[in-house]
Amino acid sequence: MSETWIILGASSAMARALARSLAADGHELLLCGRDADDLARDAADLRLRGAALAEVMAFDTRDPDSFAPIIARAEAAGGVVNVAVFAGSMPPQEAVESDPALLDGVVTDNFAAAARFLLHIAPLMESRGAGSVVGVGSVAGDRGRIGNYVYGAAKAGFHTFLSGHRNRMARKGVHVMTVKPGFVDTAMTWGLEGMFLVASPSDVARDIRKGLRKKRNVIYTPIFWTLIMLIIRMIPERIFKKLQI
Amino acid sequence: MQLNRDRYTGWGRVLSAAGGRARPEKARMLDGAPLGPAMGQRRAYGDAALKSAGPALDMTRLDRMLAFDPDTGVLEAEAGVKLSDILTAFAPKGWRPAVLPGTGFATLGGAIAADVHGKNHHEAGTFGAQVLSIRLIGSDGTARDVSETTEPEVFRATLGGMGLTGVILSAKIRLAPCPSGFVDVDEWRIGSLAAYLEAFEASDAPFSVGWIDATAKGPALGRGVFEEARVSNRAPAFAPVAKSRNIPITPPGFVLSGPVVRAFNAAYFRRIPSAGQRRTRPLASFFHPLDGLTNWNRLYGKKGFHQFQCVLPPDSAAMTIDTMLRRIADSGLAAPLAVLKKMGAGRSGPMSFPMAGYTLAVDFPNRGGAEALINTLIDQTVEAGGRIYLAKDSLATPAQIDAMYPELPDFRALVRRLDPEGLFETDLSARLNLRGAS
């Protein structure tokens with residue numbers, strides 16, 4: 001049965017991989033992002049890969065006015081509505097430290113905009129009594145690290161929001177899944193030093209589909225990050241504050 | 001744009017480069033990327049997709065299919081799309097790429113740049129025969145559409161031109177109708193080289209290929225398994241793609257040592273019943289038998305491997321292949337992967353590999369003696385009036401290539417005119433002097 005999927009931040013490599021997986025199963029895709037020209041190429045591609053529909057819609061985390069038309073479009077589609085949030089940004093920590101004003105954008109892109117969008121669309125999803133939310137956070141949100149804690153804090157905020165949202169939406173039959181990827185081979189990590197165990201976007205997409213089938217609440221992807229983060233979360237603060245990880 | 005400075009290799013993992021790679025994920029990001037030669041999935045074995053002296057463009061994320069016309073079968077797609085993705089998306093609709101090489105991981109751009117061929121080369125010619133136009137970024141950084149009508153010389157030089165004429169951004173290709181998702185494959189044992197060549201001459205199937213036991217000596221010299229196939233009319237139209245397995249680690253080199261390979265080959269030969277067999281197989285597993293095992297190149301260990309592939313004209317093929325096989329068997333260096341195939345005359349560009357005759361491809365683990373042996377085999381190819389495949393090569397010399405590619409002087413002149421500063425130079429073109437001394 002074909003369902004509608006709203007994909008926020010559809011240009012990201014992980015979003016593209018998930019969209020292709022959904023297209024192969026014939027779903028209807030709303031590709032939401034800023035680069036409409038490039039997303040049009042994705043839309044054409046996804047239709048050829050089997051999507052029943054692939055439409056480009058303007059979405060900008062910094063422009064809340066862009067949210068309403070997307071929600072209206074999903075409402076008009078009827079049937080089950082799902083949302084997958086991939087939007088995010090990660091300026092280098094040093095850049096934020098030298099210009100603290102950058103923090104607002106990081107929080108908006110990685111947390112506030114998505115949370116606001118999900119709150120807006122919640123009544124529609126509740127009224128349909130089904131559907132899923134896929135919220136892509138990060139292992140960086142599990143612990144504040146010296147090299148990346150502004151980004152991590154925004155993701156942590158998003159994780160906590162998703163946890164509460166899951167609690168609310170589950171009562172109306174909507175499943176909310178938090179996805180915490182480790183290092184993924186995307187434009188964000190390309191060429192960065194110190195990358196290891198890098199997963200491909202299609203691996204992440206496969207884990208997301210599997211997590212949805214099994215109605216998982218929180219997944220780490222690839223799976224071994226579950227263990228890595230379990231260990232990292234257990235390190236006491238008095239030791240953690242001396243570590244360079 | 002951020003460059004990845006990690007060392008990267010060709011498929012054979014012997015040669016490597018660390019000149020930096022930019023990998024645009026959106027068409028627009030190309031504007032901010034440094035201009036260099038394009039590369040795809042790096043399925044070329046040697047240094048065709050390497051650049052040590054400067055940045056290269058990794059095109060694998062520009063992999064979208066843009067438009068398809070079901071009336072004409074014409075598909076427009078970005079260069080980074082994998083041929084297996086095209087097959088997966090279009091086989092259920094009754095279409096397939098007309099030419100598919102041995103791996104579906106090859107990209108559209110790579111298939112054009114190497115003018116690849118498939119098991120139906122004797123009927124369909126090379127990949128370039130189905131290419132209608134190419135969107136090419138020139139050395140000035142701007143993109144233009146190149147075709148047989150707009151710039152015939154540049155168009156042909158790009159088909160098989162190993163990326164030296166510019167960056168292939170996207171292309172229009174004509175897909176072939178494909179009434180079934182399956183092929184009927186007939187396989188039978190072949191006892192000798194002479195019987196092999198007879199089988200190819202007698203075969204009227206659209207697809208044919210032979211596996212050859214390159215370790216067999218004496219009376220068994222040239223034995224193998226002949227395989228011919230026709231698109232099935234007995235099976236359903238479409239088969240879902242099987243899940244692939246990965247080789248997660250690099251095993252020690254002895255896995256492919258002489259005795260192991262001889263034992264494997266003997267078993268592989270006897271796997272086919274002496275009376276032959278017929279099987280119906282999905283398209284993808286027939287065209288791309290090794291793709292089910294991603295990273296199989298790791299089986300050759302840390303030191304990697306070479307592939308030697310030559311094509312020989314019909315009059316000298318039988319004798320030359322016989323001598324080559326003796327030499328290879330005596331060396332004890334061959335790997336299980338060795339392929340013999342009849343080729344037609346079809347080739348699309350001046351640097352395209354095929355010629356009418358027979359092509360022999362053999363893998364060699366990168367061990368002592370392999371390089372010297374391959375060099376001898378290349379010399380033999382030159383003597384026999386044949387040529388070797390640039391997409392596979394990592395060892396040839398400029399003199400050997402000059403002798404095998406008679407249109408090279410014109411190609412050089414054109415490439416220097418299109419790219420005077422050598423932005424699109426690769427390690428392959430530098431090693432073989434494909435641009436000519438400027």
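Predicted model: local features only at pLDDT ≥ 70, side-chain atom pairs only at ≥ 80, totals over all residues.
How many salt bridges does the rule find across the interface of chain A and chain B? The count is 11.

## The interface of chain A and chain B

On the chain A side, 19 residues are in contact with 25 residues of chain B. The two chains bury about 2000 Å² between them, and carbon and sulfur atoms account for 46% of that area. Three residues, Arg41(A), Leu48(A) and Trp190(A), supply 40% of the area that chain A buries against chain B, more than any other three residues.

Arg41(A) also takes part in a salt bridge, with Glu78(B) as its partner. The closest N and O atoms of this pair are 2.8 Å apart. For polar contacts, the count between chain A and chain B is 18 residue pairs, with both residues at pLDDT 80 or more.

## Where the chain A side comes from

Two elements of chain A give two or more residues to the side that touches chain B: helix 1 (13–24) and helix 2 (36–48). Helix 2 of chain A gives the most, with seven residues.

Sorted by class, the side of chain A that touches chain B has 10 charged, six nonpolar and three polar residues.

## The two domains of chain B

The domain assignment divides chain B into domain 1 (65–179) and domain 2, which is made of two segments (182–237 + 251–401). The C-alpha centres of these domains lie 25 Å apart.

Contact between the domains of chain B involves 30 residues of domain 1 and 35 residues of domain 2. The area buried between domain 1 and domain 2 of chain B is about 2500 Å², and 62% of it is given by carbon and sulfur atoms. Within domain 1 of chain B, the residues that lose the most area to domain 2 are His117(B), Lys119(B) and His122(B). Together these three make up 28% of what that side buries.

## Polar links and composition at the domain boundary

Between domain 1 and domain 2 of chain B the count is one salt bridge. Lys119(B), one of the three residues of domain 1 that lose the most area to domain 2, forms a salt bridge with Glu227(B). The closest N and O atoms in the pair Lys119(B) and Glu227(B) are 3.5 Å apart. The two domains of chain B also have 16 residue pairs in polar contact, both residues of each pair being at pLDDT 80 or more.

Helix 3 (121–124) and helix 4 (152–158) of chain B are the elements that give two or more residues to the side of domain 1 that touches domain 2. Helix 3 of chain B gives the most, with three residues. By class, that side of domain 1 of chain B has 13 nonpolar, 12 polar and five charged residues.

## A sheet in chain B

Chain B has an open sheet of four strands in the order 1-4-6-5, with mixed pairing. Why is one side of strand 1 and of strand 5 of chain B left without a neighbour in the sheet? Strand 1 (3–4) and strand 5 (38–39) stand at the edges and each has a single partner strand, so one side of each has no neighbour there.

Strand 1 of chain B pairs with strand 4 (residues 21–22) of chain B in the antiparallel sense, over two bridges. Asn4(B) has Arg21(B), in strand 4 of chain B, as its bridge partner.

Methods. Residues numbered from 1 in each chain as written. Chains lettered and ligands numbered in written order. Heavy atoms only, no water. Contact = heavy atoms within 4.5 Å. Buried area = accessible area lost by both parts, 1.4 Å probe. Salt bridge = Lys/Arg side-chain N within 4 Å of Asp/Glu carboxyl O. Polar contact = N/O pair within 3.5 Å; in protein donor to acceptor, adjacent residues only side chain to side chain. Nonpolar A, V, L, I, M, F, W, Y, C, P; charged D, E, K, R; others polar. Domains from an automatic or database assignment. Pairing = 2+ DSSP bridges.
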